[in-house]
Amino acid sequence: MSPILEIADLKALAKRRVPKLFFDYADSGAYSESTYRANETDFGRIKLRQRVMVDMTNRSLESTMIGEKVAMPVALAPTGMTGMQHADGEMLAARAAEEFGVPFTLSTMSICSIEDVASVTTKPFWFQLYMMRDRAFIASLIDRAKAANCSALVLTADLQILGQRHKDLRNALSAPPKLTPKHLYQMATRPLWCWQMLQTPRRTFGNIHGHVKNVSDLSSLGAWTAEQFDPQLSWQDVAWVRQRWGGKLIIKGILDVEDARMAAATGADAIIVSNHGGRQLDSALSSIAMLPRIVEAVGDQVEIHMDGGIRSGSDVLKAVALGAKGTYIGRPFLYGLGARGKAGVTQALEIIAKEMDITMALCGKRKITDVDRGIIAETPFG
Ligand SMILES: Cc1cc2nc3c(=O)[nH]c(=O)nc-3n(C[C@H](O)[C@H](O)[C@H](O)COP(=O)(O)O)c2cc1C
C-alpha cells in the first residue's frame with residue numbers, strides 16, 4: 001500500500017472501502033458542482049510570503065474557538081449520515097476529535113444519537129441543529145443537547161430547502177438509506193464495511209428514530225424527514241432557539257455581508273462563513289472568497305469561523321490569515337473515517353496539523369495566534 005501523506009490519499013482509500021452510494025454522498029456538490037470545486041481551488045489562488053532568518057523554535061498551533069481551547073483551530077464539521085461512511089462513525093470521529101483536542105460537531109441528521117456520542121466522550125461536544133417544522137421536536141432536541149452537556153449549538157441557516165446533488169439521485173440514495181439490489185451489489189464489493197456495519201445496531205437517524213410520534217419504520221422516517229426542513233426559517237426563529245438553548249450559539253451557513261450583519265445582530269457567539277461544502281447554491285462564491293468581506297463587515301462584532309474546501313494545513317493557515325478564528329473540515333475527516341475508521345480521522349487531523357505547522361514556520365511565524373494578513377503575498381480576495 002502506498003503511504004498516506006495527504007488528504008487525497010485518504011480519499012482514494014475511502015473510495016475503495018466505502019460503498020459507492022455513500023462515498024458519492026460525501027464527494028458531491030449541488031448541480032454542476034462549481035461551488036464545490038471553487039471552495040477547493042480558490043485556496044490555491046492565495047499565495048504566501050516566504051520568510052527566512054526568523055527563529056522558528058517552540059511553535060504552537062493552540063488557539064481558542066468561542067473561548068474553548070483547541071489544539072489547532074480546526075473543528076470537525078457536522079455531517080449527516082456519517083455512520084454510513086463507517087459503522088458507528090460519529091462515535092469514532094467524536095473520540096478521535098476529543099483525543100486530538102479539537103471540537104466535534106454532531107449533525108441533527110447523524111446515525112449515532114446525541115446520547116450515543118455522549119456515552120463515548122468525556123468532554124463536551126457541539127451539536128448542530130437543523131430547524132424543522134416540528135418545533136416541539138426541535139425543543140426536545142435542544143433539551144437533549146443540554147442534557148448531554150453539549151457546549152455549543154451550531155444552528156445551520158442554509159438548508160431551508162434541499163439543494164440537488166445529481167450523484168445522489170443517480171445512486172437512488174434516500175435518507176435514511178433504503179436498500180435496493182443495486183445498493184446490495186455495491187455493498188457486497190466492500191465486505192469489510194459490511195461486516196463492521198453488521199456489528200452495530202446504528203443504521204438509521206439516531207436523533208430522530210424513536211423520538212417522533214408516528215415515525216416507526218424507515219419509510220415513515222424518510223417521509224417525515226423530507227417534509228421537515230423549514231422553508232420559512234427566519235431571524236425570529238434564531239431568537240427563539242437562542243433563548244431556549246441559553247448557551248453558546250454559532251450560526252452556520254452565512255455567505256453574504258448583509259446576512260452576516262443580521263447574524264451578528266442576533267448576539268450569536270460566532271458565525272460560520274459557509275456554503276455547506278458546495279452542496280446547496282451552485283454558483284455561489286467559495287467560502288474563502290467571501291471570508292475577507294465578511295470579516296471586514298462584522299469581524300469586530302462576532303467571532304468568525306469558516307468552512308469549505310480545506311484540504312491541507314496550508315488552507316487553514318490562509319483562512320486564519322484572512323480573519324477566521326476557527327475553521328471546520330467536513331470531507332477530509334469523512335475520507336479518513338471511511339478509509340480507516342477512528343485511526344483515519346486521527347490521521348486526517350495529524351496530516352493537517354503537520355502541514356499547518358511547517359507552512360506556518362516557513363512563513364516566519366511560531367504561533368497560529370500570531371498569524372495575520374502579513375503572511376499573505378497575494379490574494380484575489382479582498
Ligand atoms: C456528506 C456531508 C454531509 C453534510 N451534512 C451536514 C449536516 O447534516 N449539517 C450541516 O450543517 N452541514 C452539513 N454538511 C456541510 C458541512 O458541515 C460543511 O459545511 C462542509 O462539509 C465543509 O466543506 P468541506 O467538506 O469541503 O470541508 C455536510 C457536508 C457533507 C460533505
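## Basis of the description

The structure is a predicted model, in which local features need pLDDT of at least 70 and side-chain atom pairs count only at pLDDT 80 or more, while totals for chains, interfaces and linings use all residues. Residues are numbered from 1 along each chain as its sequence is written, and side-chain values use heavy atoms, with hydrogens and water left out.

Most residues other than glycine have a negative phi. Tyr31 has a positive phi, near 45 degrees. With a relative accessible area of 43%, Tyr31 is partly exposed; buried means under 20% relative accessible area, exposed over 50%, and partly exposed in between (1.4 Å probe, protein chains only).

Met81 likewise has a positive phi, near 55 degrees. Met81 belongs to the loop between strand E4 (74–76) and helix H4 (89–100), and its relative accessible area of 3% makes it buried.

## Helix H1

The buried residues of helix H1 (residues 7–17) are Ile7, Leu10, Leu13 and Ala14. Because they cover an arc of only 120 degrees around the axis, they lie on the same side of H1; the arc is that of the directions from the helix axis to the C-beta atoms. An α-helix has 3.6 residues a turn, so residues three or four places apart point the same way.

On the face of H1 turned away from this buried side are the exposed residues Lys15 and Arg16. The cover over the buried residues of H1 includes H2 and H15, where contact means heavy atoms within 4.5 Å.

## Helix H12 and its ends

In helix H12 (residues 257–265), Ala260, Ala263 and Ala264 are buried. They span an arc of only 100 degrees around the axis and are therefore on the same side of H12. The exposed residues Glu258 and Ala265 are carried by the face of H12 turned away from its buried side. Among the elements covering the buried residues of H12 are helix H11 (235–245), strand E8 (248–254), strand E9 (270–273) and helix H13 (287–298).

The N-terminal end of H12 is capped by Asp256, which has a side-chain oxygen 2.9 Å from the backbone nitrogen of Glu258. A polar contact is a pair of N or O atoms within 3.5 Å; within protein, one must be able to donate a hydrogen and the other to accept it, and residues adjacent in sequence count only if both atoms are side-chain atoms. Just after H12, Gly267 adopts a positive phi of about 85 degrees.

## Nonpolar cores

A nonpolar core is a set of buried Ala, Val, Leu, Ile, Met, Phe, Trp, Tyr and Cys residues joined through side-chain atoms within 4.5 Å. The largest such core has 113 residues, of which Leu129 and Ile271 touch the most other members. Helix H15 (residues 331–362) supplies the largest share of this core, 13 residues.

Leaving out residues up to four places away in sequence, Ile271 touches residues including Ile251, Ile254, Ala260, Ala263, Ile294 and Val298. Another core, of twelve residues, lies apart from the largest one, and Met65, Ile66, Ala152 and Ile250 are among its members.

## Aromatic rings

Five aromatic pairs are found in a search of the whole structure. Rings of Phe, Tyr and Trp (its six-membered ring) pair if their centres lie within 6.5 Å; planes under 30 degrees apart count as stacked, over 60 as edge-to-face and the rest as tilted. The ring centres of Phe137 and Trp224 are 5.2 Å apart and their planes stand at 90 degrees, so this pair is edge-to-face. The pair joins distant parts of the chain, with Phe137 in helix H6 (residues 135–147) and Trp224 in helix H10 (residues 218–226), 87 residues apart. Phe137 and Trp224 are both buried.

Arg279 is placed over the face of Tyr25, 4.9 Å from the ring centre; a charge sits over a ring if NZ of Lys or CZ of Arg is within 6 Å of the ring centre and within 35 degrees of the ring normal.

## Two buried threonines

Thr200 is located in the loop between helix H9 (191–198) and H10 and counts as buried at 3% relative accessibility. A polar atom of its side chain lies 3.0 Å from the backbone nitrogen of Arg202. Neighbours within four places in sequence aside, Thr200 contacts Ala87 and Asp88.

Thr359, in helix H15, is buried with a relative accessible area of 18%. Its contacts, not counting residues up to four places away in sequence, are Leu48, Ser314 and Leu317. Thr359 and Leu317 are 42 residues apart along the chain, and their C-alpha atoms are separated by 7.9 Å.

Notes
Helices (H or I, at least four residues) and strands (E, at least two) are DSSP runs, numbered from the N terminus.
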